Structures are given as structure tokens and as C-alpha cells.
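Here is a brief report on selected residues and their surroundings. The sequence and the structure come first.

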Amino acid sequence: MKNKLQERSALFFQFVFLMGSLCATVASLVVCGIAALHDGNVSMTVTAVYALLFFGASLLFYRWFTTKCYGLFLSLVLCFVLRLVFVFVMKLEPFSDFRLYHGMASAIANGQPLFSQYGAVFPHTVGFSWVISLVYRLFGEHPIFIQLFNVLAETLTAYLLYLSCNELFGNRVGILTSFLYGISPAFIFYSELSATEIPFTLLLSLLLYLIILYTKKQKMRYAVLFGVLAAVGNAIRPMGFLLLLVFGLYSICFLSGKRRFFAVSATIICYLIVWESLWHGISFVNGQEIAKAPVGYNLYIGSNYEYSGKWNPTDYAHANELIYRENLPPDVFHQTLQREAVLRYQKNGIRKNLELFLQKFSVLWGSEMLPCDYLNRSGEFARVDAVFHTKNVANGFHWFLLLSVLMGSVPKRKSYNTGVFFIVLFVLGLTAQHLIAEVQERYSYPALALLMCVAAYGITRCYEKGAKLFVQATSGRYQSGDGERPCR
């Protein structure tokens, strides 16, 4: 870092991230405790046992396999096989948003007309459905093929996370990161769903690696490629502005002078060019011009105090009325709901808004039980859930992960790795975005994937600290004559 302003900026974001990690850990404990009061299948004790089991398994994997030449291969095979077995054993028909994506992808694959009005208002449904349609055109229109695509995409994500962590913390932490991503119960469960989070997380893990390469090699082509991929990611999940903001803050804190200006300019220009092209392409596929700023609906949903800022049938019915009865153009639709969202936030008042933000933070970071509710629609999963109570398993990993992130968030020295800083900024940005806009539990998926890097680092710090204390304790005992000396 070149000056005090940059250093203080990094310190500020690092401190906020540390406080956020602590709050997320507390929120997870509280949410699980409340769930245990209303759901007989949720138990704080059993969840804690699973958390300890995951912690023990991670320490053993780090101790025995990260030093082996086949450690990375083993973690990736584990990631692939666990998901592959899961999608073949569990049978689940597409429902809700996932059925919409499946239907739109099938229509695109067959050249049939889409729900043009709906797609114009929510462009990411067309962008993501077009990606799925490529799979359907090659292999057929059965959900199993998108599930297999998920398995491959997640395995590639695990590998990209390894590459990033290998550069940030070393080979052993990188292998442990891919192992954590591979065994995450909730992430395995999501493999069954046609969810935008999976391909977006793949792109996000690639963007993290590009940031690391750019810092290391100082080649402008990495900044250009970042802008291109950020625009592509925005077509699948509307987070392009957040990605540009993160890159801009990263540049301010870690680049200097002309290099900072050229990097940000190149990224923004490439983003705008690619997004404009994608806008025309998606509009063509949709059969009607799509919205250029599709943010009003999410803000409107997020301002609903009664439903904790989550999707609800009342707001959805109001939106449908604006789309189909009043026939509002896409951008006018979002502008209308944006104004209504501002008015609703004003009407809430300070106290209700603070409560709303607290509720939304708890929804985003409090648990990973949602995929269990999704998959209980499957008879096979319901039978497994009756035996293992999968919410405890998912929450156990969630506790273990957040505690590991907390251990990895405490600064070890006054130096900041740029790749870690990118993770910090993205996680904070995603949290801030969903405190204002709509929130769902699964929206934390991309952030949790990146946090695997910080968690793996925290686990290794814990292991090394424990090993150091053990050596000090045993060496002191031998020196004082309290125990037998080691045999030579």
C-alpha cells in the first residue's frame, strides 16, 4: 500500500469484516436456537456435534492429505463424486423459480416464444435460461442434464478456489479449501436445483483468481477480462454493479497513480461494451427489450417489514398487476416500484428499519436450512431426512465454517493480501446489498464459497497454534523431569 489513506482504508474494511464475521456467528447460533423451539428435527446439541465432527475431519484432512501429491486430486474427486451420487439418488422435479428456468430453457432450445413481458422485467431469467438451453440442445431437455452441469461447474469452482488459495496462502491451504467446498452439505444439496448461484459462483471464483493474477503480474489484460466476465455474470445474476464497485475499491486501496486510473477505466469500458451487446442479445432471445436497470422490484420486496424483506405473495401479486394489467414498460415498472420502496422505508421509520435490517442479516447468514426444505419435496430425500435430520447436518457445517472464518479474520500482522481484500469487499458488498434489497438464505451462496478460503486459513492457524502449544507443553515436561525422556 502506497500511503496512509490506503492503509487506513484496508484497516477499516478489515475491521468491519471481522465484526461482520462475529455477528454472523452469533446470528447463526440465535437462528438455530429459535428453529429448535419450533422444529422438533432441529437440535442445538446435535448441530454442535456435527460442527465438531466437521472440524475434526478438516484437521485430519489437513494433517494427512494436504502434504500428499494426490491431495488436490482426492479433494476434487470427493467434490465430484458426492454431488454425482446425490443427483442420481435424489429425484426432484423442478418447482417455483427452478421450474420457470427449466420451462424457459426448454422454450429457447426449441425456438418457442418466451414469457416476453416477464423476461423483459427480469432479464437474468432469460440470461440464465439461455445458458441452460445450451445444455438441453446438446443432451436433451431433462433436468438431470442441468444437474450434471451443476456437478461439473462446482468441481471446477473447487479447483479455481484451490488456485486462488494456493497463491494467497500456499498449497496446503488451497487443497483444504477445495475439500471444504466439496463436503459442504448445503452446497451438495443445491446441486439438485437449477439455481443461478452455481454458474455465478463459478464466474466469481474465476474473477477472484484474475484479481490475484493481476496483482502478481500487473498485466492489463486481466483487468480487461475482469470487466468482460463481470458483464457476463450480470446477465445470470444482477450483481454487475457490485463487482465493478469491488474492483474500484480494490484499485483505490492497492494500486497507485496512472495504474489505478487505467485499470478502472479499462474494466468499466469493457464491462459497458459487453453488457450493451448482451442487452441486445438477451432482448432478441426474449422477443422484447429487457430492462436496463432491473432493481426496483428487489428494493420493493426488501422494504417489506412484515415479511422480513423476503419474497411474499402480496408484493408478487402487486408486481404482476403492474406487469400484466397495467402493461408498464420494464424500466417504468422498476422505477415505479423503486419509488414505492423508498416510501415504504420512510413509512417504516428508524426502529422498524433497524429491526428489518437485523432480520435480513439473520436470514442471509443465520443458517443453511433452506435447501433441506427445498429437497423434502423429494421422497428419497424425505426418507433420508427422517433418519439424519439434515438441517442439523447443514447447520453444523455452517457453524463450523463461520467459526473458522472468524479465526481467519483476525489480522496476523499489519499486511493485507489483495486477494483476501477482494473477498472481504465482495462479502461486505453482498451483505449491504441484501440489507436494502430482497433477501433469501440461498443468496449467501457465492459469498460462502469465497469464505471457504478464509475458513481454510483459519483452520490451519488453529492447527499450527495447537501443534505449537503441544510441543511447548511436552518439551517443558521433559525438561523438568516430570515425564520420561523421548527414546533416541
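The side chain of Ser367 reaches the backbone nitrogen of Met369 at 3.5 Å. This is a predicted model. A polar contact of 2.9 Å also joins the side chain of Ser367 to the side chain of Glu441. Ser367 sits in the loop between α16 (330-365) and α17 (370-375). Its relative accessibility is 4%, so Ser367 counts as buried. Leaving aside residues up to four places away in sequence, Ser367 touches Val31, Ser362, Asn395, His398 and Glu441.

**The core**

Trp365 touches His398 too. Trp365 belongs to the largest nonpolar core, which has 150 residues. Within that core, the residues with the most contacts are Leu180, Tyr181, Leu193, Trp365, Phe426 and Leu451.

**A surface patch and a buried threonine**

Which residues make the nonpolar surface patch of about 600 Å²? They are Tyr70, Phe73, Leu74, Val77, Val81, Val85 and Val89. Val77 is found in helix α3, residues 71-89. Is Val77 buried or partly exposed? Val77 has a relative accessible area of 33%, so it is partly exposed. A patch residue needs over 30% relative accessible area.

Thr155 is found in helix α7, residues 143-168. Its relative accessible area is 15%, so Thr155 counts as buried. Buried means under 20%. Thr155 touches Leu76, Cys79 and Phe80, not counting residues up to four places away in sequence.

**Positive phi**

Ser96 has a positive phi of about 50 degrees, although it is not a glycine. Ser96 lies in helix α4, residues 96-109. His389 also has a positive phi of about 50 degrees and is not a glycine. His389 lies in the loop between α18 (379-388) and α19 (390-409).

**Accessibility**

The table lists relative accessible areas for residues discussed above.

| Residue | Relative accessible area | Class |
|---|---|---|
| Ser367 | 4% | buried |
| Thr155 | 15% | buried |
| His389 | 26% | partly exposed |
| Val77 | 33% | partly exposed |
| Ser96 | 47% | partly exposed |

Technical notes
Residues numbered from 1 in each chain as written. Predicted model: local features only at pLDDT ≥ 70, side-chain atom pairs only at ≥ 80, totals over all residues. Heavy atoms only, no water. Patch = residues over 30% accessible without salt bridge, like charges linked within 9 Å, V, L, I, M, F, W, Y side chains within 5 Å. Areas by Shrake-Rupley, 256 points an atom, 1.4 Å probe, with all protein chains shown as cover. Salt bridge = Lys/Arg side-chain N within 4 Å of Asp/Glu carboxyl O. Helix = DSSP H or I, 4+ residues; strand = E, 2+ residues; numbered from the N terminus. Buried < 20%, exposed > 50% of the residue type's maximum accessible area, 1.4 Å probe, protein only. Core = buried A, V, L, I, M, F, W, Y, C linked by side-chain atoms within 4.5 Å. Contact = heavy atoms within 4.5 Å. Polar contact = N/O pair within 3.5 Å; in protein donor to acceptor, adjacent residues only side chain to side chain.
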